[in-house]
Every structure is written in structure tokens, then in C-alpha cells.
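Open the model in your viewer and keep the selection tool ready.

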Amino acid sequence: MRVHVLGGGPAGLYLAILLKKRDPSRDVVVTERNAAGDTFGWGVVFSDETLGNLEEADAETYALITEQFVRWTNIDVHVKGEVLRSGGHGFCGISRKQLLIVLQERARALGVTLVFQTERTDVEALRKDCDLLVAADGLRSVVRAQYEDVFRPSLDVRKCRYVWLGTRQKFEAFTFSFRENEHGLFQIHSYPFDPTTGTMIVECDEETWKRSGLDTATEAETIRYCETLFAPDLGGHPLLSNRSLWTQFTTVKNERWVHENVVLLGDAAHTAHFSIGSGTKLAMEDSIALEEALSVPGRSLTQSLQAYEDDRKPMVGRIQTAAQQSLEWFENSKRPYHTLPVPQFVFSLMTRSRRITHENLRLRDPAFVAGLDRFFEKRSGSSAGPEPRPPMFNPFRLRELELVNRVVVSPMCQYSSDDGLPDDWHMVHLGSRAIGGAGLVMSEMTNVSPDARITPGCTGIWSEAHALAWKRIVDFVHRESDAKIGVQLGHAGRKGATKLLWEGYDEPLDDPESWEIVAPSPLAYSDAKKNKIPREMTRADMVALIDRFVAATKHAITAGFDLIEVHMAHGYLLASFLTPIVNVRTDAYGGSLENRMRFPLEVFDAVRATWPKERPLSVRLSATDWVAGGIEAADSVEIARALKERGCDVIDVSTGQTSPLEKPVYGRAFQTPFSERIRNEVGIPTIAVGNIPDFDQVNSIVLAGRADLVALARPHLFDPYFTLHAAATQGYEGVRWPNQYLAARPKPRV
């Protein structure tokens, strides 16, 4: 096999080594545009996990690399005059130049042909001259550009500016430092890579970069500015440059990695932000995966390359998701920096990618996490015990309502009522989760009139009979548990008059079962499903609907609910007014965001005026429609700000479900960043929802200040006693168990 590798960075060199080691008969040529000793970075950092992969792939190369390593286990965070240290992490660093030298020498020893200072642009000719062409030519890959229509790359240039510098300061840990001056907030990512030298990446947002004059600064001027700003971190040591120019990070993705006998490797295929230190790791692990795919007996080259893409791409996707979350945290670091206390800010930083969680960090450094837990306990007003309680078991207060913990049973439609009346099913569904230990139990979307329902099986609260049926459930929750219970008031709008979930999701009812539906504009929810076209609401319709929300609120008072949540999310009526993809009105209730908010705010004001002052009021928002031209995160901040001014106590932050055209970016706790932004930018408590699978995530979210409460839906369907089990698993004994279940309660730890 004749293999041509274009690009002599770690990815290309390491692949060449592995190919020749496995089969010395392979003819492997590596061509690099730069000289052998050229590199424009400083250090490379690896985790212990990555080292295990390298050792297994080629023990000899591993030994040569690790001889050059410096190792450390701590992360230091310098912020607002304080330094917090977390241990137990396991890192090692090496000079990028030294890494290249080691890989070059190993490749030569195995018989790889290395060609330097040669620019190859004749990609098609090169491809035809070998059995396999490997594009390891980096971010600006000429190979990827040649076959752009096949690979279909996405190059996302990010917001922040950064510069890569060196220093003789001997950092003893992976160091983050945040420094603010009259121009704005700067941060550094620093770590050692040999006994005398460290990497120091300086980063800031575009506005700060321009205000500071660094957009027109020379390399020498950049160094002088950064030496002055970060003098406390440098300890008198100068900064070093190596073509240290300000740039922006580009996130690279490709729909395909393979074209005939061409394959993408490393940064040509994907990039991961430097804040999680995974660029070189990903590149070298790509090389391992590609070599293994090529060495499976009986496979053709085409099959091997496709297997590489199929097997490797999902793993890279997960790391890129974590890197993107980390990148976005740093892009928006001003928000937590200015709003969170130092311990909470540091924990937010540590858990930014969601790969490190409360439990994961506790296993690495129990004393550090115990200190954070004790801080949060004190801040929550909890009584201190011998051991700090897990963050999720701290109380939370909204007006005169005190919740015993931070767990919320999310509203979940059951489609099981008759004429809107809750029955024994709802008693068991909500009652079991209340005795299961949750701090707040929410009803499903409960409709303010018969024609406000999503389906014929949805609950309502439009009459005294409904209020009394709900009161039976509310009284049970209050009598048998420490939970509080809330009702979510809503109107389905254009998503109404559909079949029960298990009869067809969003499928319209057949006549004559159906009813008239209304919306801000006469636009059907889904043409594909043939949903009904709603009637455009008149002002008289709006006034009548406000009266129905007021009547429902009075019935909620009769029922004894502790909290009301007004549903302004998921494409239902009030959400439809907020979004420009549904609201195309030309009167005072359409057009600008201010106009689109008008009717939902009128509803809110009427409910707030009717609901007792001592009881809290929540609003559920879709923070983004996930549709171009729809509601975006910045819009939801403005909506939340307007609600706060009118007496809203907490925002339940969801996303999407406004349009079938949505393209959400799913992932673990994928909606939490929207909650974090609203909470810390508006200064209002929030509830986080969405793919939050376990108590570890609940602890992580509330301790990091991403939300004050966490609502769980599917985990509570799977386990009604989620909170009791979370307490038992964590050894927390301060949660109430029903007397009838005490025999199953774990015995106190001795």
C-alpha cells in the first residue's frame, strides 16, 4: 500500500508511525509545507486517559514522549483576589516542538519518508498517485477545500479573540486567571510543558479587544499589555512570543470524512476548543482509529475508510459538544464573573463542559467539593450538620413559599381526564411523586377552557367542579408529604384539537370531535399533518381569554395550589404571540418584540393581580425556537426582564416545540445554558429542564448557578421516588419518608 499523508503535525506523523509499525511494507510519505522545526504553538497537554490510549497503540513512541513530560494534578483559579485549588485531575504537558521532534525521529526510524518545506496543491494528481491520501493538513486544509462539495465542511468562526504566548513562569497547576481593567475582562489558560516554560493563552471578547487597542497592536505591544495586566500571575517573568498574533477560534465540522481514497484526519476533519485541551488528543486518537480500521483483515480500502468514519465520528461529536459548551462558557464569562460569588463561579468554570460533574469532582477532590457544598448550604440558609448536605437538598424560597429541596416534578401531560377533570390517575401520578420526596410537584398543562385543551384527555380548571377535583389532590400532597404543588395554566392555541399522544402525536382530531382553535395569526401548526388552520384572534377574543385566565386563577386559589405557572412556551397560544414565525400580525400585537409581548403580558398581569401576593408566580418560556428568524436567546432575556418587572418570581426555561421545522441541538442538559443566561443576566431565579438524567446533574446545575431549581420529567416517570433514592445514595438523611415506607429507609451510616 502506498500512503501519502499531507500534513506533518502530530496527527499525520503519528498515523505514519502506526502504519509502518503494523506493516513495514507500506510505503508511507509525509509531506509538510513548513520546515521540520517550525511550530507556531507552545505546549501540548494530555490527560491520563489519553496517555493510556497512546501506550496501547505504540509503547515505544509512548515511552519517548513521556520521557519529556512534566506532570501535575491541580487546577488553580485566580479570580477577584482569591485563588481556589482543586486537585486529583491528572495532566501532563510537553513542548509542541519536542513532541514533533520525537514523532519525526520515530517515523524516520521506522522507514517513513518525511518531506518538509513542500507545498502540495495538486491534490487530484496526488490522490491518483497513491492508494490512500490522508488529509492531515489542518484547519485550512487544501484537500478538504478541493473536495468541499463532498465533505461539506462547516467552519464556525467564534466570537472571542485570543493570543498564544509562552512564559518562564513555572506554573504548578493548570491555571485559569481572570483580570478586569477599564477595557473589560480578560482570562488566561496556562500550564507548564517543560521544567522551565509554560503556555499562556490570553483571551477576551471582541469589544474588550477593541477597547484595549489590541486590535491594532504590534506583537511587542500585545506582550507589554498582557505583562502589565497579568503581572500578579507572571511573578516578574516576561512573556515570550512565537508569531503570537490575535486570532479567533474556528470550530470545524464535516458532514463526511471520506471521499473515494481520501480521508480527513485531525483538524482537517474537526477542531475542539483549547479550553478542554483536546485538539492534539483528538488528532492522535484519530490516527489510532484510522490505522486500526485499515488493518482489519478482509476489508477493502473503501470499507475500512467508511468503518473509520462510522466508528470515530460519534466519539468526536461528543467531545466537540463538550468543547463547544466550554467555548461558549468562556465567550460569556463576563456574566458569571459579575453575578456569581467566587466559589460558585469556580464550580461553574470547572463544570462548564458538563464532562466534570459534582460527583466526578468530589471523587477527585473530596475536601474541595465539601467546601463548595458548605458554602452553598450557608448561602441557602440551611442549618449546618456534621457534613454538608448535597446541593439539591438545600431549601429554596419564593415569596412566602419555601421548598424543602431543589427538585421539581416537571409538568407532564397525561391525556387521561374526562371533560378536563383530574381523577384517580392524576392522584396517583402526582401523589406518588410528592411522597417520593420532590420539593415541588407541578400539574400538567391545565387548561383555562374546554377549547383551550391540546386533546380531549387534557385537564382543565375552568369550573368549581374542576377546582374541587384538584383540591382532593392538593390536600393529599400537603397532608402526606413535604412537597408543594403548583398548577400550570395554559391554552393550546394552534396546537389544540389533536388526538391523544398514543393515538398520533400532533395528529388533528376527526370531525365532529374537534373544536375551533385560535392563534395570533391563521397559520396551521403543521401542513404535513394537516392540522387545522386557526382563526386569528380579535381583541374581543383576547379580553375574553384574559377573563378565563382570571377565573382559572380563582379556581386555583380554591384548590389550594401553592404556585401558578403561566405557560408561554412550546408553541401554545401565548408562546405563539411571542414568536415572529407564528405571529405575523400587523396591529399593536404583532411586529416588534415589544408588540408581540403585549398580550402575554396582559394575561400575566391579570393572573398576578388575582393570585395572592404571598404566593409565587412562574412563567415557562421557550428560550429559542431553534428556527431561523424565530425567538432567540437574547429575545428570551428581554421577555424575562419584562416579566420580572411585573412580579414574576421564577422563569421555567425550556426551548422549542414552536414549529415542526425546528432543528434543536440535543445533548445532556442541553437547555440549561439558556436558563443560566436568563438567571445571571436578568437576575431572576430559574428552573432548568431538559435531558437532566440524574441527581448528580441536579447537584451540578444548582451549585454552578445555572438554575435555582431543576425540573425532571422522564426520570420521574421511570422513578416516582427519585428524590428519596437520591438522598439514600448520597447518604443524606434529612428527607421525609412516608411512615408507611419507613421499613425500606436505609439505616443511618455509622
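Select Arg646: it is partly exposed, with a relative accessible area of 33% (buried means under 20%, exposed over 50%, partly exposed in between, with a 1.4 Å probe and protein chains only). This is a predicted model, where local features need pLDDT of at least 70, side-chain atom pairs count only at pLDDT 80 or more, and totals for chains, interfaces and linings use all residues. Residues are numbered from 1 along each chain as its sequence is written, and side-chain values use heavy atoms, with hydrogens and water left out.

Arg646 sits in the loop between helix 22 (633-645) and strand 28 (650-654), and Asp605 in helix 21 (residues 593-610), so the pair ties together parts 41 residues apart in sequence. Helices (H or I, at least four residues) and strands (E, at least two) are DSSP runs, numbered from the N terminus. Asp605 is partly exposed too, at 35%.

Next, select Glu124, Arg127, Lys128 and Glu260. Salt bridges that share partners join them into one network.

Move to Arg161 and Glu206. Their closest N and O atoms are 2.9 Å apart, in a salt bridge. Both residues are buried.

Then pick Arg158 and Asp156, a salt bridge at 2.7 Å, N to O. Arg158 is buried at 13% relative accessibility; Asp156 is partly exposed at 28%. The count of salt bridges comes to 46.

Finish on helix 11 (residues 279-294). Of its 16 residues, 13 are buried.

Note on methods: A salt bridge is a side-chain nitrogen of Lys or Arg within 4 Å of a carboxyl oxygen of Asp or Glu.
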